[in-house]
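Welcome! Please take a moment to look over the structure below, and then we can walk through it together.

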Amino acid sequence: MSQHQPKSLIANVGSNTYIIRPDLPEVGAYLYVFENEGRDVGDYLQDTIQICIEFAFEEFAVPMDAWREKEDDLPKTQD
C-alpha cells in the first residue's frame with residue numbers, strides 16, 4: 001500500500017502567491033513566497049504544514065482560511 005502524500009496548498013493575497021509544499025515527513029514543509037510576476041522572493045522550511053500556515057499568517061498576514069489545494073507544484077516563472 002502506498003502512503004497518501006499531502007497535496008501542496010496555495011493562497012493568493014494581494015499581488016503575492018504563497019505555496020506550501022510538503023516534503024518527506026522527517027523534513028517538514030516549505031512555504032514559498034512569489035511576487036506578482038512569479039518571482040520567487042523566499043522559501044521557509046517549517047516542521048509541518050500547519051506551522052507553515054501559522055508562519056504565513058504571522059509574517060505575511062495570509063489569512064488562515066485563504067489556503068486551498070493545488071494540483072501543480074510551483075508556479076511558472078517569467079524568464
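**A short briefing**

By the rule applied here, the count comes to one salt bridge. Please keep in mind that this is a predicted model.

**The salt bridge**
- The partners are arginine 39 and glutamate 35, whose side chains meet at 2.8 Å, N to O.
- Side chains of opposite charge can pair when their charged atoms come close.
- Glutamate 35 is partly exposed, because its relative accessible area of 31% falls between the 20% and 50% cut-offs.

**The sheet**
- Five strands make up an open sheet, in the order E4-E3-E2-E1-E5, with antiparallel pairing.
- At the edges are strand E4 (40–46) and strand E5 (68–70), each of which pairs on one side only.
- On average, neighbouring strands of this sheet are turned by 25 degrees against each other, direction ignored.
- Six bridges link strand E3 (residues 29–34) with E4 in the antiparallel sense.
- Tyrosine 32 stands opposite aspartate 43, which is in E4.

**The helix on the sheet**
- Helix H1 (residues 49–60) packs on the sheet and touches strand E1 (8–13), strand E2 (16–22), E3 and E4.
- The direction of H1 makes about 35 degrees with that of E3.

**A closer look at glutamine 46**
- Glutamine 46 lies in strand E4.
- Is glutamine 46 buried or exposed? Glutamine 46 is buried, because its relative accessible area is 18%, and buried means under 20%.
- Not counting residues up to four places away in sequence, glutamine 46 touches Val27, Gly28, Ala29, Ile51, Cys52 and Phe55.

Terms used: Residues are numbered from 1 along each chain as its sequence is written. This is a predicted model: local features need pLDDT of at least 70, side-chain atom pairs count only at pLDDT 80 or more; totals for chains, interfaces and linings use all residues. Side-chain values use heavy atoms; hydrogens and water are left out. Two strands pair if DSSP finds at least two bridges between them. Helices (H or I, at least four residues) and strands (E, at least two) are DSSP runs, numbered from the N terminus. Axes are lines fitted to C-alpha atoms, for helices over the stretch in contact, and angles run from 0 to 180 degrees between N-to-C directions. Contact means heavy atoms within 4.5 Å. Buried means under 20% relative accessible area, exposed over 50%, partly exposed in between (1.4 Å probe, protein chains only). A salt bridge is a side-chain nitrogen of Lys or Arg within 4 Å of a carboxyl oxygen of Asp or Glu.
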